[in-house]
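Take a look at the sequence and the structure first, then read on.

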Amino acid sequence: MNNGTRSPTDRRTGAGAAIGRPERNLESLADTESVHFPEGFLWGVATAAHQVEGGNTLNDWWVAETAGRLPASGRASGHWERFEKDFDLVRSWHNTAHRFSVEWSRIEPEAGKWSDAALGHYSDVVDALRVRGLEPVLTLHHFTNPAWFANRGGWLSRDAPTLFARFVERVVDSLGDRVRWWLTVNEPTVWAKHAFVIGDWPPFERGRWIRAGRAIRAMLRAHEAAYRVIHARQPDARVGFAHSAAWVEPCRRERMCDRAVARIRDFMLNGAVFRMIGARSRGAPLDFIGINYYSRTIVRHGWRGAGTIFGVECTHDHHHGSRRWSDMGWEIHARGLLHVLRQFSSYGLPLLVTENGLATDDEELRCQVLSEHLSALAAAVEERLDVRGYFYWALVDNYEWALGMHPHFGLAAMDPATLDRLPRPAAHLFAAVCERNAVPKGGISTSPSASG
Ligand code: FCB
């Protein structure tokens, strides 16, 4: 691949970028120089139904897309038809697990009506994973809602948790014999922020903080109901939800007001949902915590409005050298992964890194950043934090919600015409780590000189 000539497709997708083959650096290291992960550690990549499947016509996103309020997801990554090939690919990356979501609106296209075809499809998906030795980690709700559910008030309607639990029953009855790891809901705080505060996701409401709070509460109640449904059928299931864990730091550490707003912001972003669900109490409805980690937020005290309490984000460069940003405008800060893993370990529950990745078209950066995050993960394992797995977001470039197909998160790029998968250099890096179940102590060299 590194023969120095790159086709136009290569340039667009990043496949074939002249970056060192990390395998060499990994091979040359004696075992003692590596951090070994526990046996059975789950290595995988993550996806979500609406972002990769294509043709998801029955949910609230499709309704908004066809009304021109959101970019069209269309065929997305065509994963609905290509799932078997995709699983061959991740198997070739030595993955041992795979995170994906089922699309509620396909399974229950109308209230109380069930699609055997959709359930049959997901049953094939689970079988395809199992046959390849990939442990399924199944998300039951990843941002999209069936159109019928949205029409009757969505997460603000009184019976939302009950309706969700009824759907979960169906899924567990048909897939539960082959799925042990369940994520009930993905990032309730992020969903509510976009749906009711920023207003760029359905139902497009702005500044409705109280509604956002109610929606989060309903999703947590739905989580609890789903937890009970799953455990009633499968006592040894592992049930959690995926939380968007931002690492929050005060801008000027020496200032009490900055420290105070950082603590409040951290509580709002990270603490509140776990308080609501009683995560510290015995018998909490959580078997593990799913951590989606992408970025750090630095906050300083502001003198007006909400900034006096929650602080304002500091985007300056005066924090120990220059800061790096992804194409999403999120700060890249690998050390934050270790910090959040420490922070969430305090609940005494196992942790799964259910998402971590980078939107970029700079493949050297993607390799570097992945390697830095894997080192942070290795540091957590060395500290004996109870981390059970790591899932890179994402398997392949996909529909990034209101931003459409542009931000490129994939370990594989995608040819937009044929939807062919084109593994990027970072996929090789990841594969090498998964295969060895280990990360070199000095980090993984991704410089061109390491390619030999
Ligand atoms: C997370 C979402 C996931 C994807 C990544 C980039 O917040 O869970 O679907 O969009 O961000």
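Let's start with an open sheet of three strands, in the order E7-E9-E10 and with mixed pairing. E7 and E10 are its edge strands, each pairing on one side only. Strands here are DSSP runs (E) of at least two residues, helices are DSSP runs (H or I) of at least four, and both are numbered from the N terminus. Two strands count as paired if DSSP finds at least two bridges between them.

A word on the source: this is a predicted model, where local features need pLDDT of at least 70 and side-chain atom pairs count only at pLDDT 80 or more, while totals for chains, interfaces and linings use all residues. Residues are numbered from 1 along each chain as its sequence is written.

Back to the sheet. Strand E7 (residues 247-250) pairs with E9 in the parallel sense over four bridges, and Pro250 has Val299 in E9 as its bridge partner. On to strand E10 (residues 312-313): it runs antiparallel to E9, joined by two bridges. Val299 turns up again here, with Glu313 in E10 as its bridge partner, and Arg300 stands opposite Val312 in E10.

How buried is strand E9 (residues 296-300)? Four of its five residues are buried, so E9 is largely enclosed by the rest of the structure. "Buried" means that 20 or more other C-beta atoms lie within 10 Å of a residue's own; with 12 or fewer it is exposed, in between it is partly exposed, and C-beta atoms are placed from the backbone.

Now for strand E8 (residues 289-292). Ile289 and Ile291 point one way from it, Gly290 and Asn292 point the other way, and all are buried. In a regular strand, side chains alternate between the two faces of the sheet.

Strand E6 (residues 238-244) runs parallel to E8, with three bridges joining them; Ser244 stands opposite Asn292 in E8. Strand E13 (residues 351-355) also runs parallel to E8, this time over four bridges, and Ile289 stands opposite Leu351 in E13.

## The nonpolar core

The largest nonpolar core has 127 residues, and Val168, Ala226, Ile291 and Phe430 touch the most other members. Helix H11 (residues 209-233) gives the most to this core, with 12 residues. A core here is a set of buried Ala, Val, Leu, Ile, Met, Phe, Trp, Tyr and Cys residues joined through C-beta atoms within 7 Å.

Leaving out residues up to four places away in sequence, Ile291 touches His243, Val340, Phe344 and Leu351, among others. Such a contact means C-beta atoms, placed from the backbone, within 7 Å.

## Around the ligand

Which residues surround the ligand? Among them are Ser244 and Asn292, along with Glu187, Glu355, Trp393, Glu400 and Trp401. By class, this shell has five nonpolar, four polar and three charged residues.

## The whole chain

Stepping back, the protein chain has 16 helices and 17 strands. Its C-alpha trace spans about 60 × 55 × 45 Å along the principal axes, and buried residues make up 49% of its 452 residues. Among contacts between residues at least 6 apart in sequence, 77% join residues at least 24 apart.

Conventions:
Near = placed C-beta within 6 Å. Nonpolar A, V, L, I, M, F, W, Y, C, P; charged D, E, K, R; others polar. Contact = placed C-beta atoms within 7 Å.
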